[in-house]
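Dear colleague,

Please read the notes with the coordinates open beside them.

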Amino acid sequence: MLTERLAAIANEIEKGESVADIGTDHGYLPMYLTKEEISPKVIMADISKGSLNKARRNCRELMPEVKFDFRNGNGLRVIKKGEVDVIVIAGMGGNLICDILGRDLGKAKSCKKLILQPRTAQGRLRAWLVRKGFDIVNEQLVREGRFICEIITAVPGEPRESIKLNLEPESIKWEMPYWVANLKNPLVNEFISYKIDRENRILKSMENSKNIPAEDVKAIEDNIVYLESLL
């Protein structure tokens, strides 16, 4: 039932933990957590009525004997403070995830764990989490089609000093932090190499253009040096 990406998210959830899946879409993750008796309570939430109806249809077809909790609404507004142990937000942009959590920071901090899978702006999300008082306790890289997905697990509380990077959220060191580079994962080198190729393309484009400030070129060159040091 689960893709490798959703299975990796499910593996972060411990038996007995209640879960709110924000932006549930098809509802496959909550169904799996229920079927495998991992979570005694799951909430399927989505701002889109169409997506929530899709989840309802899947539940009726695949698990008709279970009465699931469906909630239509914006972000964390559909849950109460402290209602669940785990909040999952997967498949959205990192900026949107920051906005969702920031609008209801008290609710976000009332849970035991956040499991986040940003499609974009991963570095900005990491920086936001650390600066808002979350500790990043685990990261995973998982292939889905032609993409390598990043899964971030964070818990409320004082971040470890080792992840407090005194850098702007746009820094390459937030986008590709040393702790991700140190993962024992066969995708790590491929992921870093992809980013090096991207930065080299940007650098080549700059070199072919006029009036590019020297400091902008230097910033990209520094990014390449940093990324190559991780290999």
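In this model, which is a predicted one, M92 stands opposite P118 in strand β5. That pair belongs to the pairing of strand β4 (residues 86-92) with β5, in which 6 bridges join the two strands and the direction is parallel.

β5 itself, which covers residues 113-118, is mostly covered, 6 of its 6 residues being buried. K113, I115 and Q117 point one way from the strand, whereas L114, L116 and P118 point the other way, and all of them are buried. As a general point, the side chains of a regular strand alternate between the two faces of the sheet.

Turning to the nonpolar cores, the largest has 46 residues, and those with the most contacts inside it are I87, I89, L101 and L129. Helix α6 (residues 122-131) gives the most to this core, contributing 5 residues, and the core draws at least three residues from each of domain 1 (4-165) and domain 2 (189-229). Leaving aside residues up to four places away in sequence, I87 touches A20, I22, L76, I79, K107, A108, C111, K113, L114 and I115.

With best regards

Definitions and conventions
Residues are numbered from 1 along each chain as its sequence is written. This is a predicted model: local features need pLDDT of at least 70, side-chain atom pairs count only at pLDDT 80 or more; totals for chains, interfaces and linings use all residues. Side-chain values use heavy atoms; hydrogens and water are left out. A nonpolar core is a set of buried Ala, Val, Leu, Ile, Met, Phe, Trp, Tyr and Cys residues joined through side-chain atoms within 4.5 Å. Buried means under 20% relative accessible area, exposed over 50%, partly exposed in between (1.4 Å probe, protein chains only). Helices (H or I, at least four residues) and strands (E, at least two) are DSSP runs, numbered from the N terminus. Domain bounds come from an automatic or database domain assignment. Contact means heavy atoms within 4.5 Å. Two strands pair if DSSP finds at least two bridges between them.
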